[in-house]
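Let's walk through this model together, one piece at a time. Have the sequence and the 3D view open as you read.

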Amino acid sequence: MNLGDLVSSVTAPSNMATSLQIVLLLTVLTLAPSILIMMTSFTRIVIVLSFLRNALGLQQMPPNQVLIGLALFLTLFIMAPIGQDINNNAIKPYTEGKITQEEAYQNAIKPLKSFMLKQTRQNDLNLFVSLAKINVSNVEDLPMRVVIPAFIISELKTAFEIGFIIYIPFLIIDIIVASVLMSMGMFMLPPVLISLPFKVLLFILVDGWNLVVKSLILGFR
């Protein structure tokens, strides 16, 4: 094969389309962690699980890998219907050549945007709408550059609210144990050391993991 044939093969439309698909795939894989963290339920879940571990007084148990893995699979469970919608209405029709790339993008963004808008507080959305100086009659018409940051700060606020509620029963146990130790004159004994097994026992008796996971999943429906 001479140089001319090689250049022609590289610049052929079919080969160019394949090259663009590879570049697009690599780009998506590079941005996948950011997409997972910022545009799904992952942020709320992992923050709540971290609050739960701190409230129990367990610094390294469960390990970070376990918490992140649990948050990841809960995210896959919650986002499965949206992923299926994207696959049926965007990915499959595009790979079969039934729709254009722009149509595939719009079909993929629509269910994801609806999910984020459902979880976003109106005040947070109004903040970024006013900062971007956008005037739309329907929230579905808002661009993703407005929806995504509003969704993120709403998720952060929701996660911190849930974390505060989780802290309350364990904080009560700490206060009771500290009061008992002070009344007995045991000032040198750390209250956390005594309250830890009671907090773990309470968490086991109420089936805490079941309650936390159930609350997190139902919070997105």
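A crossing is called left-handed if the near helix is turned anticlockwise from the far one by less than a right angle, and right-handed if clockwise. The crossing of helix 3 and helix 4 is right-handed. Their axes, lines fitted to C-alpha atoms over the stretch in contact, come within 9 Å and cross at roughly 145°, on a scale from 0 to 180 degrees between N-to-C directions. Contact here means heavy atoms within 4.5 Å. Among the residues that make it are Phe42, Ile45 and Leu49 of helix 3, and Leu67, Ala71 and Ile78 of helix 4.

This is a predicted model, in which local features need pLDDT of at least 70 and side-chain atom pairs count only at pLDDT 80 or more, while totals for chains, interfaces and linings use all residues. Residues are numbered from 1 along each chain as its sequence is written, and side-chain values use heavy atoms, leaving out hydrogens and water.

Now turn to helix 6, residues 122-132. Which of its residues are buried? They are Asp124, Leu125 and Val129, where buried means under 20% relative accessible area and exposed over 50% (1.4 Å probe, protein chains only). These three cover an arc of only 135° around the axis, so they lie on the same side of helix 6. The arc is taken from the directions from the helix axis to the C-beta atoms. On the other side, Asn123 and Leu131 are exposed. The cover over the buried residues includes helix 5 and helix 7. Just after helix 6, Lys133 takes a positive phi of about 55°.

Conventions
Helices (H or I, at least four residues) and strands (E, at least two) are DSSP runs, numbered from the N terminus.
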